[in-house]
Amino acid sequence: MIEIENLKKIYAGRTVLDIESLKFEEGGRYALIGANGSGKSTLLKILAGIIPPDEGKVNIPKNLKLGYAPQKAFAFSMSIKKNVALACPKEQKNRIADIISKMGLTHLAKKRADKLSGGETQRLALARLLVADRNFILLDEPTASMDINYSLATEEFLNDYINEHAATLIIATHSIVQAARLGKEIIFLHEGKVLERGADILDNPQNEETIKFLEYYGKK
Amino acid sequence: MFSAIEEAFRLIASGDATLNEIIATTFKMAFASSLTALLLGAPLGVLLATARFPGKSIIVHILRTFMGLPPVVAGIVLYMLFSGTGPFGSLKLIYSVELMIIAQIVLITPIVAGLTESYASAIAPSVLETSKGLRLNPFKVPLLVANESKFQLISIYLTGFSRAIAEVGAVQIVGGNILRKTRVMTTVIALNYRTGQFTYAIALGIILLLISFAVNFAAGMIQEKLK
């Protein structure tokens, strides 16, 4: 169980995250939805250990092999193959070509990664992340720069990977359909607080803000 | 001015042994000091950009202050340390190329470290976030930041080299401008200025600029390959 208690993050005097209690079951799939500035990315960064909380506790079981892909994917200025190899355990080097192929990057494998387009960089970021065995995956808008075909293919690959590794997935997304496809439970954040969570909040939202958000993004 | 240009090319064509010796000493001093400064300053800059520790900002401020260290002051301090009565006088380095190199290292290392820190600080957050997200070995982070900065490191090196090859105050004091020993282009230019041989001094300046141009051109070609 991944547990969060009394979590607070404050930037420049403004509370951007204020979560009393939040639990994630191991092996669960969660989609964080909410408008810009709702705290989705901050929550993922705290879970990933990128930034510390100002208050509160995050308890992540030690057995979990965490992997996090930030919203703005960064490619090291080396080839795609070397980027992926960087995160690949020595004994699993045979996976590199396979995952590059699955992400549709084989024809670019020797190309400098920092010269890629936004969508290609996101595919590389996922290849790099998932070349290793991980069972706790945090993704921040992982397909935001991808076209529809790659986005769908990536979701399919993610589904397979998560099933195969019995992994916990927490994904932050603006796409309601992606949240529905990848998340078994949806968590709605608004101004740093969890206002609503559940498996059916996309179809049956109770909170006024959730309804407004879903209306804006065309779900209701 | 034209006579100075003419004189410069006449000097190059003449293959003057003394001039060649001065150019060789200048090269030796500039390359040795700038490369050492790069080896010391670049890792320091990268570490300051990537590490978090108490007092870091003070160190960065001190470093940036030393970027503007007056060469004459550095020269005087080193003179006092290495002259016969100084604490390192027994090393007998005063009026040697080695001490001129040390003086340049003292002057250039803060510049290299400060400029590296400044650039690497901009790139470090993305590298750190990605590395942490992938759970890479934390010791890899400085290497990755350095790799991301390699293009800029060449420019930073050139800044250091240019400073070393053009500096006169410190090398004059610790080197003494001794013919066939510590005489370099800048000290000989200063000497010719003092003796009123302006044309010769400017001609030597033109040769110095040509050397600098050649080094910059070579570095530019390396940068092109890195693009």
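## The sheet of chain A

In this predicted model, chain A holds an open sheet of six strands, arranged in the order S5-S6-S7-S3-S8-S9 with mixed pairing. Its edges are formed by strand S5 (66-69) and strand S9 (193-198) of chain A, each of which pairs on one side only, and from one strand to the next the twist averages 15 degrees.

Within this sheet, strand S6 (residues 136-140) and strand S7 (residues 168-172) of chain A run parallel and are joined by five bridges; Asp140(A) stands opposite Ala172(A) in S7(A). Helix H4 (residues 118-130) of chain A packs on the sheet, where the helix touches S5 and S6 of chain A, and its direction makes about 170 degrees with that of S6(A).

## The interface between chains B and A

Contact between the two chains involves 18 residues of chain B and 20 residues of chain A, and the area buried between them is about 1600 Å², with carbon and sulfur atoms giving 56% of it.

## Polar and charged features of the interface

The count of salt bridges between chain B and chain A is one, formed by Glu129(B) with Lys45(A), whose closest N and O atoms are 3.5 Å apart. Nine residue pairs are found in polar contact across the interface, with both residues of each pair at pLDDT 80 or more.

On the side of chain B that touches chain A, the elements giving two or more residues are helix H5 (97-133) and helix H6 (140-148) of chain B, and H5(B) supplies the largest share, eight residues. By class, this side of chain B comprises six nonpolar, five polar and seven charged residues.

Terms used. Residues numbered from 1 in each chain as written. Chains lettered and ligands numbered in written order. Predicted model: local features only at pLDDT ≥ 70, side-chain atom pairs only at ≥ 80, totals over all residues. Heavy atoms only, no water. Contact = heavy atoms within 4.5 Å. Buried area = accessible area lost by both parts, 1.4 Å probe. Salt bridge = Lys/Arg side-chain N within 4 Å of Asp/Glu carboxyl O. Polar contact = N/O pair within 3.5 Å; in protein donor to acceptor, adjacent residues only side chain to side chain. Helix = DSSP H or I, 4+ residues; strand = E, 2+ residues; numbered from the N terminus. Nonpolar A, V, L, I, M, F, W, Y, C, P; charged D, E, K, R; others polar. Pairing = 2+ DSSP bridges. Axes fitted to C-alpha atoms, helices over the stretch in contact; angles between N-to-C directions.
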